[in-house]
Amino acid sequence: MLETVFHSTVMEFLPQSAVPLDASGSPDLRVRLNLLIVDSDAAVRSACVEIATSLGYAVQSTADFAQARSLLRGHAADILLVNLPTTGSNGLELVTEVRHLYAQTVVIAMTASGSVGVAVEAMRCGAADYLTKPFAVDELSTALERAAAQVTVDHSSRLLRERLRSSQGLGAMIGRSNEMEKLYRILSKVAQSTHPVLVLGESGTGKELVARTIHAFGPNAHKPFLPVDCGSLVPTLIESELFGYVKGAFTGAVKSKDGLFVSAEGGTVFLDEIGELTLDLQAKLLRALQEKEVRPVGATHRVPIKARIVAATNRDLAAMVEKGSFRKDLFYRLNVVNLRLPALRDRREDIPLLAAHFLDRLSKGQPRKYTLNDEALRTMMRHDWPGNIRELENAIERACALSSGPVLQLGDLPTQLQQQGLEAHRASMAAAEAQPAAVAADVLPLAEMERQAILGAIRLLGGDKLLAAKMLGIGKTTLYRKLKEYGITDPLLDG
Ligand SMILES: Nc1ncnc2c1ncn2[C@@H]1O[C@H](COP(=O)(O)OP(=O)(O)OP(=O)(O)O)[C@@H](O)[C@H]1O
Ligand SMILES: [Mg+2]
């Protein structure tokens, strides 16, 4: 009987508190997790209450789902241990509801033996774990400990996120779009562990910045972050870079040298462009990761390593695995957690924030702050940015270098963007022309406003074009160009 199992072994579990561990791995006694137990079977319920209380949880319990809901409303639980009856869907409804309303609550489902289907359904609805009745004390305490660890990680990743949150993004990363918020949630969670992470994304989406952020927010931030570009080095060089070599291993190896895995100590080795690694090196890397030791080139001995691995690629590794050009086992090893960076065109709402960030950076040391005029920003918002953030950064840098003033214009942007801007302008003019005459008559096209402003200024100043240009805030050559564009030969007489 479950109850007797509990009573007979309860003392064994007393020292093994389920209280969460702090960063150093010791129990964090300041936190007492709230556990809600829901089971209509009084004997199981009271046994679970007893064992959980002895493990250090603040326990509440109830026999029915309605009261469970009201208890949750009054005081959200950290962990919910809920029995799911074989018949009826009330239990599953509660699990789904809790996952939506109280995302921080970790759910453990209890099911009767022989009802695997219910357990599977519960996991699908968001339960983190399940226990099949009858279960032993250690099964319950292990499940609770796992749930407690999850609550702690979730909690500290939330704290980390809040601490590093800026009005524009997270740490050095800019972006407030839903896609980026999702990424920040996973990032702040994985940063706290030392599992391998695979960063995926098109070129220029910020893979290296993500890798650096994971390292900087992690437990070993004070240790080195060592990047290796697997795409630009020849295989023999990558091998000696990563694994090191001994004196005399090859011509020029006048003394032994540690590889990056060893020099990183407990820091991070960033394997950039991992998709470019040859199959031979993939095998050597896999071995290093599995055995946590490396053999320096030319050596007979092996050296232990404890670096964290973050890998990145813009290639489709899963497709490469299918084709046989990337090892499946290495893929799974690196892909413990993956972070997929969105393309900039899929988070256009972040473009103004990113642009402002780059403009601020480029304005440092300048007499006036750079800004973008509306047309230039609108054009940037419409562009697809195949080179993503790097392309945006370059476009802004170029515009600042070319611009004659602090307000960047469409004409300062790369030619392709200028053309897109002009096409959009033409399209909107054509659309305006297609409008009913009455509306069109009330709207003065920008070009016409400009023509009138130029003519008016020159006339007011008695034909002094130099002074007119100055007062209009444009250069003399721009004024002459515009007069030519509008077909004005004599401003005092024409139009
Ligand atoms: N979210 C962001 N906020 C601010 N700057 C960013 C962000 N993402 C990327 N950048 C900047 O964009 C540039 C490109 O980023 P990064 O080098 O990390 O991209 P990548 O994905 O590694 O590119 P590639 O595939 O070309 O190597 C860098 O200057 C980086 O600082
Ligand atoms: Mg890169």
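What follows is a chat about how to read this predicted model.

Colleague: Before we look around, what kind of model is this, and how are its residues and chains labelled?

Modeller: It's a predicted model, where local features need pLDDT of at least 70, side-chain atom pairs count only at pLDDT 80 or more, and totals for chains, interfaces and linings use all residues. Residues are numbered from 1 along each chain as its sequence is written, while chains are lettered from A and ligands numbered from 1 in the order in which they are written.

Colleague: Which domains is the chain divided into?

Modeller: Domain bounds come from an automatic or database domain assignment. Here you get domain 1 (2-158), domain 2 (174-342), domain 3 (345-441) and domain 4 (446-485). Taken over C-alpha atoms, the centres of domain 2 and domain 4 are 59 Å apart.

Colleague: Now sheets. What is the strand order in the sheet that contains E1?

Modeller: Strands of a sheet pair through backbone hydrogen bonds, either parallel or antiparallel. Strands (E, at least two residues) and helices (H or I, at least four) are DSSP runs, numbered from the N terminus, and two strands pair if DSSP finds at least two bridges between them. In this open sheet of five strands the order is E2-E1-E3-E4-E5, with parallel pairing. Strand E2 (58-62) and strand E5 (129-132) are at the edges with a single partner strand each, so one side of each has no neighbour in the sheet. On average, neighbouring strands are turned by 15° against each other, direction ignored. Four bridges link E4 (residues 106-111) with E5 in the parallel sense, and Ile108 sits opposite Asp129 in E5.

Colleague: And what is the order in the sheet with E9?

Modeller: That open sheet of five strands reads E9-E12-E15-E8-E16, again with parallel pairing. Its edges are strand E9 (225-229) and strand E16 (337-340), each with a single partner strand, so one side of each is left without a neighbour in the sheet. The twist averages 20° from one strand to the next. E8 (residues 197-200) and E15 (residues 308-313) run parallel, joined by four bridges, with Val199 opposite Ala312 in E15.

Colleague: At what angle do helices H2 and H6 pack?

Modeller: Two packed helices are described by the angle between their axes and the distance between the axes. Axes are lines fitted to C-alpha atoms, for helices over the stretch in contact, and angles run from 0 to 180 degrees between N-to-C directions. H2 (residues 42-54) packs against H6 at about 60°, with the axes 11 Å apart.

Colleague: Last one: how many residues surround ligand 1?

Modeller: A residue is near a molecule if its C-beta atom, placed from the backbone, lies within 6 Å of it. There are 17 around ligand 1, the closest being Ile174, Ser203, Gly206, Lys207 and Glu208. Domain 2 and domain 3 each give at least three residues to this shell.
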